[in-house]
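Hi there,

I'm passing a structure over to you, and I hope you enjoy looking through it.

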Amino acid sequence: MKSLTASQLRVVSHPYEPCTTVKVIAGPGSGKTLTLLHKVYNLVYNGIVAPNEILILSLTNKAVDNINEKLMETFQEADHNQRWSDEERVEILEQIDVNTFHSLANKVVLENEGLVNIIEDNGWRSLMRLAGKSYRGQSRNYLTPRTFARMIQDYKEGRLQPDKIDADAILELMKTCKVVTNEDLIHLCGKFLADAEPQTSTGMTGRLLNNYKVIIIDEAQDLYPLLFPMLKLIATDKQLILFGDEHQSIYGFLGSNKHFMKQVGSMRPAEKTFTYELYDNFRSTPEIMDAAQSVIDRKALPATACADGLHNKTLSGVQPISLTLQEPLEELCFLVDQICQLVCSSAKLSDIAILTRTNEHMNNVAHGLKIFGIPVEKLTAQPQWMSDTRILFLIDIMKLLTAVFQEQGPTDQNNNLKTKTDFSVVVTLGEVRRVGPSLIHSIYNGAKVNKVSCWEFINSVEHRERLTTRRRKIVEEYLDALAPLLARSKFEGLNTPLDLVNELSQLIERLDVPLFQLKNEEQLQEFRENLLEFYQVLKLCSYSKPSDIPLMEWFVKTFLEQTVQLQKKIVSNQTDRNTIKLSTIHSSKGLEFPIVFLLGQLDKHLWGDNNTLYVGMTRARNLLYMTNINHSKLKALNSIEHPYMIDNAFFWNYYNNDLGRPYKPNLASSTKNYKHLLDKYRIPTFHKRSFVTHCLPILRLGRRILTN
């Protein structure tokens, strides 16, 4: 068992008391997760509460995955007396609920409202086809799905008025087809919890209102005011424990975390609120921490903290390395040279992470490194397959087929079943070649006038005759492609993942969908990997599927939950892959890496968001490189020379000791290997500005050859 520090022990031993709030301020590397896990262990081991009376929540899947992964490890290490067998530990941990706020809300909404469609970029792109040709002077062709989504949300909440856009029609379609945004999901969950009768509520709704005694929030600095009504309903008479650090609040675009924390403070009187702070530093070197804390103007530690005997790492002898680079090719040269040095000095590729502010910058770096044959792996906030537009289209097809058979059932009083297919038709037909906004408009408006669903409209010969010959032919080809899967016996008989994927593949061959026309081997490999993960989720669904529900319908209902289960297994396997990790700063939050390259933009603008910079810097454990980080507090670190790390034996001994690895310095061998890599990549051995000056003409020529 890892021994706890004095400040950590105070949190773990704080007594359980209903109707109280415990705030734990935990900076990066302070042992926050360890403390949280031991708090859970202490509650269960000492019988203070039962495992099924603990609910752990966070905003992101990554935080949830991290807790799920480490709970078993903590319970094994802490149980010195072997009180529980392995089977008993598994049974205990299965009773502890760990959820994101949105997955929890989805469970409540599913119980009370039935299946809803959570709209993604594919859906917004399709809904844009129902909009006018322009919005506030901006052509629809230049709108992104996310920009359009914000416009609709702003209109719905009364922040702006429509202008040449039929927002009411879009909102009506979303309502009748049970299409919701993530914000809607939280609103609906709060509504159902507020309206529920605790005495008669069952399922997740009942557990939230009646069963849980302790609610633990991880990464509380990520939360925003929209979540408060939901949290207040489930935490009012319980002990609420929040772990977080205001300096790591970087999701301000979702709403003010400061306002959220004020709302939380208003829940209890002062005497029922307790605050602790974890001061220790188990992660970054003192050199990195000093630089990072200068960015946020962190105050000096109180005397009581120093009296506890703080844990801090010893000095590494290497300050954070900061340079200003002029253009992307110079950045790529620098990265390749430093990576060559690092791997020749005993670092592994998997030790290295490259962090950027934007996805576009990350993708450009990934492309450049792949040209040099350097293996990379992108870290994303959610599984990568769930962002693949091709996989999302397959899921939309499955939702359409499921909705078609449900639409054949009885109509409810709100006529919901008779319009349930509208959104799925708009989404799937909209991706077919030659289908433009005017055809989508014609079908949707025609169905509305005739008081039928979009599916009924396009399946009626009489209604189709009202379309032009060209449009009618497109619709008939779409229906012919779907026809083999529209027999109920076929729909209900596809109960193995392989059969289902084969049928979907044949459907894609029949449909003319530009999404599936891959441009190069890189796109093909990416799609292959995402399709494999999609298939694995299908397999998990097939294992849990009730015998009386078709696999396709069960997948549509449960694939989000099954994805969480799959992700637990993937996360534990990924750490062994010898690849450089690429991530945006936002997606890297909660992670740490021995070596970090923090890349700023090349526009030379001042870095305006201190918290984001602080988060990026504190992902580094031992070595931090920064490029184009234009911040007034970091100017003293700026260098004009490219660093040479191979001959720094003191640092590499420190580095390997920190990671628990054996190390035998061999400067001659490291230098020889480094020269070999430089020859392989044709990079001159300069470590001043002349290095880049010499490289750029060669790389510019290479770029022209590659792009022609």
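Two strands count as paired if DSSP finds at least two bridges between them; strands (E, at least two residues) and helices (H or I, at least four) are DSSP runs, numbered from the N terminus. By that rule, β12 and β15 make a parallel pair over 4 bridges, and Ile-354 has Phe-597 in β15 as its bridge partner.

This is a predicted model, in which local features need pLDDT of at least 70 and side-chain atom pairs count only at pLDDT 80 or more, while totals for chains, interfaces and linings use all residues. Residues are numbered from 1 along each chain as its sequence is written, and side-chain values use heavy atoms, leaving out hydrogens and water.

The pair belongs to an open sheet of 6 strands with parallel pairing, in the order β11-β16-β15-β12-β14-β13. β11 (321-323) and β13 (376-378) are at the edges with a single partner strand each, so one side of each has no neighbour in the sheet.

On to β15 (residues 593-599): with β16 (residues 620-627) this strand forms a parallel pair over 6 bridges. In β16, Phe-593 is partnered by Ala-620 and Val-596 by Leu-624. Of the 7 residues of β15, 7 are buried, so the strand is largely enclosed by the rest of the structure; buried means under 20% relative accessible area, with a 1.4 Å probe and protein chains only.

Elsewhere, look at helix α9 (residues 182-195), which has 14 residues. Its buried residues include Asp-184, Cys-189 and Phe-192.

Happy exploring!

Methods
Expected span 1.5 Å × (residues − 1). Buried < 20%, exposed > 50% of the residue type's maximum accessible area, 1.4 Å probe, protein only.
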